[in-house]
Amino acid sequence: MTDSFIASFIFEFVGATTKWLFNSVLDLFKGKEKKSFSSFYKAKKIDNDSEIFLSGISNIFLGILVIIFFFFIFLFFLSKTM
């Protein structure tokens with residue numbers, strides 16, 4: 001049970017960080033004010049409970065995809081060096 005909590009925390013953090021970085025770059029090009037990291041990670045400004053749940057799940061899913069992507073890049077470069 002603890003393992004799934006730790007994995008969920010890591011994946012959600014990586015996903016929220018990815019969303020925040022992507023949106024910060026877009027806001028920089030659009031000339032808008034950057035949003036805070038906590039608005040992507042904690043989602044406290046959302047009033048609807050189902051939207052809070054979906055925000056957390058999307059962070060976890062995105063975190064899994066990002067980690068898998070970097071893992072395959074690592075394997076690709078590792079295979080080139082051998």
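## Overall fold

The protein contains three helices and zero strands, where helices (H or I, at least four residues) and strands (E, at least two) are DSSP runs numbered from the N terminus. Read from the N terminus, the order of elements is α-α-α. This is a predicted model, in which local features need pLDDT of at least 70 and side-chain atom pairs count only at pLDDT 80 or more, while totals for chains, interfaces and linings use all residues. Residues are numbered from 1 along each chain as its sequence is written, and side-chain values use heavy atoms, with hydrogens and water left out.

Of the 82 residues in the protein, 16% are buried; buried means under 20% relative accessible area, exposed over 50%, and partly exposed in between (1.4 Å probe, protein chains only). Contacts are defined by heavy atoms within 4.5 Å. Among contacts between residues at least 6 apart in sequence, 60% join residues at least 24 apart.

## Surface and nonpolar patch

The accessible surface amounts to about 6700 Å², and carbon and sulfur atoms account for 73% of it. Accessible areas come from the Shrake-Rupley method with a 1.4 Å probe; for residues, only the protein chains shown count as cover.

Ile-68, Phe-71, Phe-72, Phe-74, Leu-75, Leu-78 and Met-82 form a nonpolar surface patch of about 750 Å². Patches are made of residues with over 30% relative accessible area and no salt bridge; like charges are joined within 9 Å, and nonpolar side chains (Val, Leu, Ile, Met, Phe, Trp, Tyr) within 5 Å. One of these residues, Leu-78, belongs to helix H3 (residues 49–81) and is partly exposed, its relative accessible area being 33%.

Glu-12 is located in helix H1 (residues 2–30) and counts as buried because its relative accessibility is 18%. Glu-12 has no salt bridge, and the nearest side chain of opposite charge, Lys-19, is 8.4 Å away. A salt bridge requires a side-chain nitrogen of Lys or Arg within 4 Å of a carboxyl oxygen of Asp or Glu; Lys and Arg count as positive and Asp and Glu as negative, whereas His and the chain ends are not counted. Leaving aside residues up to four places away in sequence, Glu-12 touches Tyr-41, Gly-56, Asn-59 and Ile-60.

Asp-27 is buried without a salt bridge, and Lys-32, the nearest side chain of opposite charge, is 5.3 Å away. With residues up to four places away in sequence not counted, Asp-27 touches Lys-32, Glu-33, Lys-34 and Lys-35.

## The loop between H1 and H2

Ser-36 occupies the loop between H1 and helix H2 (37–41) and is partly exposed, at 39% relative accessibility. Its side chain makes a polar contact with the side chain of Ser-38 (3.2 Å). Such a contact is a pair of N or O atoms within 3.5 Å; within protein, one must be able to donate a hydrogen and the other to accept it, and residues adjacent in sequence count only if both atoms are side-chain atoms. Ser-36 and Trp-20 are 16 residues apart along the chain, and their C-alpha atoms are separated by 7.8 Å.
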